[in-house]
Amino acid sequence: MALTEEDLSVVLENGIDPENPGKYADLLEDLQGNILRGHGRDHSVHLFLEFHADKVDSAKEWVENFAKNYIKSAQQQFDESARYRKEGVNGGLFANFFLSKDGYKYFGVKPFKMPKDEPFRFGMKNEAVKNLLGDPPVEEWETGYQQTLHALIIMADDDVVDLLQGVNQMTQDLRTVATIVHREDGFILRNSEGQIIEHFGFVDGISQPLFLKRDIVRSRVNNCNFSQWDPRAPLSIVVEKDRNGQKEDSYGSYLVYRKLEQNVKGWNENVASLAKELKVEPEFVGASTMGRFKDGTPLTMADVPSHAVTPTNNFNFDEDTKAMKCPFHAHIRKTNPRGDTGRVESAPNAEQALETELGHRIARRGISYGDNDINHEPETGSGLLFLCFQATIENQFNFIQSAWANQPKFVQVDVGPDPVISPPGSQNWTKEWGKEATENRPFKLWMKVKGGEYFFAPSISCLANMTSL
Ligand code: HEM
């Protein structure tokens, strides 16, 4: 029997267990990997494709073969990790395949069979979408992103030589059906402790919605049985039924892809000068923008870094409702207010507000690009390939960016925009916050959008049967 709405919206005590999947077996077999948990490989290559205009049939066959030979399902990803833990056998090359709205159109999919999310159907270059997010004009994007992007392939591996060989092979293979209009190479950046960081030097990937048993069990141990924050999430925030799937439980997920350049030198200098002006430690200024110290310690819990090997995610802002410790504008407070929206006057009630907040969560799967020497301070050419999965772009990524991060009026007072990701000039930014405050922003924005697109991760059975579309 097909999964019901209830099966998707329930939060299971221990999440879904791929070792014993029960009614979720078909979903896990047909859903692409990397959605319910990150693929975890250290290196990845992103190939953006435009299929040749007169080659629709061959392109369909090509996608079928790719789906059968390369794409890994959620179940396969789990089985391979289990095998690695037991026998030390590495899962090797990992691959995903995504289609944009233009990709669906290219393959002749009728509107009623296309993924229904509105921003997906508009695409990221759409004027209204750009205004909502506060993105720069398309002419200022990297040229690759200005092109029509039909599809995105992600290939990932721990062994960079194997990966590049695989990518070379793929590049040859693709020639007859598509042009690779753009390519990005990503890698996991680590600090001297071996923790995963982003280019500004902060530990990243700590807070994620969790769906699978192993992730939940491990996190529960590190996070005091979720006494202050429960990261468990229902499938309904990350999957949508795939209208072109061939199975009863064929599901897909929306992928938001954005290339975000980080000016590390600018960031560091701004942190240092503000620290001098305010007569505080630079690490405190950094923490006030991000909401966590570089080592991941939440600012709301401590005045100094705790140097925990595994930074905690077990906290909320209940004891910090006036933001005396962690500012309302801090990146993690803007992008996951952990109950703050229940404290505004117009809120229905705290419980309901938290429930709504939880529905906005995204599964972040980003990876760094550019300079991989953490001792350098690149001004250009380095940053984050931001990727996140969700069930609706409108209510999740777009909502977080436009209604929370970019809004100067957030939760209580005139807190200003998110200093890490909110561009000046985005909707209502200058208007509501005032020109002077905008120009005198004590912390400038050191992140620049270089381009991006919305994609859908079709079910594997859809891709493996493209010729019958
Ligand atoms: C270059 C750009 C970005 C940088 C440097 C950055 C950095 C970080 C860091 C260091 C964390 C804390 C680690 C963690 O809690 O896992 C974090 C958390 C987070 N970020 Fe970003 N981020 C960037 C872009 C974005 C964007 C564009 C969004 C979405 C609009 C976003 C959404 C989030 C969310 C939802 C969290 C988790 C918050 C929580 O649950 O506490 N980030 N980010």
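Lys68 counts as exposed, because 11 C-beta neighbours lie inside 10 Å of this residue and a residue with 12 or fewer is placed in that class. In this predicted model, Lys68 is found in helix H3, which spans residues 56–69. Lys68 and Ala464 are separated by 396 residues in sequence, yet their C-alpha atoms are 6.1 Å apart in space.

The overall dimensions of the protein were examined next. The secondary structure comes to 18 helices and 12 strands. The radius of gyration is 22 Å, close to the 23 Å given by the globule rule for 469 residues, and the protein is therefore as compact as a globular protein of that length. Along the principal axes, the C-alpha atoms fill a box of roughly 65 × 50 × 45 Å. Of the 469 residues, 47% are buried. Among contacts between residues at least 6 apart in sequence, 74% join residues that are at least 24 apart.

Strand E2, formed by residues 94–99, is mostly covered, with 6 of its 6 residues buried. In a regular strand, side chains alternate between the two faces of the sheet. From E2, Phe94, Asn96 and Phe98 point one way, while Ala95, Phe97 and Leu99 point the other way, and all are buried. E2 pairs with strand E3 (residues 151–157) in the antiparallel sense, over 6 bridges. Within this pairing, Phe97 stands opposite Ile153 in E3.

Strand E11 comprises residues 383–390 and is likewise mostly covered, since 8 of its 8 residues are buried. Several strands are joined to E11. Strand E8 (residues 251–262) runs antiparallel to E11 and is joined to it by 8 bridges, with Lys259 having Leu385 of E11 as its bridge partner. Strand E10 (residues 367–369) is also antiparallel to E11, and 3 bridges join the two; here Ser368 stands opposite Leu384. Strand E9 (residues 363–364) is joined to E11 by 2 bridges, again in the antiparallel sense, and Arg364 of this segment stands opposite Cys388 in E11.

Helix H15 (residues 397–405) is largely enclosed by the rest of the structure, because 7 of its 9 residues are buried. The buried residues are Phe397, Asn398, Ile400, Gln401, Ser402, Trp404 and Ala405. An α-helix has 3.6 residues a turn, so residues three or four places apart point the same way. The cover over the buried residues of H15 includes both helices and strands: helix H6 (118–122), helix H7 (127–133), helix H13 (331–335), and strands E8 and E11.

Of the 26 residues around the ligand, Phe202, Ile206, Ser207, Thr335 and Asn336 come nearest. The elements that supply two or more residues to this shell are E8, H13, E11 and H15. H15 gives the most, with 4 residues. By residue class, the shell divides into 15 nonpolar, 8 polar and 3 charged residues.

Note on methods: Residues are numbered from 1 along each chain as its sequence is written. This is a predicted model: local features need pLDDT of at least 70, side-chain atom pairs count only at pLDDT 80 or more; totals for chains, interfaces and linings use all residues. A residue is buried if 20 or more other C-beta atoms lie within 10 Å of its own, exposed if 12 or fewer, and partly exposed in between; C-beta atoms are placed from the backbone. Two strands pair if DSSP finds at least two bridges between them. Two residues are in contact if their C-beta atoms, placed from the backbone, lie within 7 Å. A residue is near a molecule or strand if its C-beta atom, placed from the backbone, lies within 6 Å of it. Ala, Val, Leu, Ile, Met, Phe, Trp, Tyr, Cys and Pro count as nonpolar, Asp, Glu, Lys and Arg as charged, and the others, Gly among them, as polar. The radius of gyration is taken over C-alpha atoms; the globule rule is 2.2 Å times the number of residues to the power 0.38.
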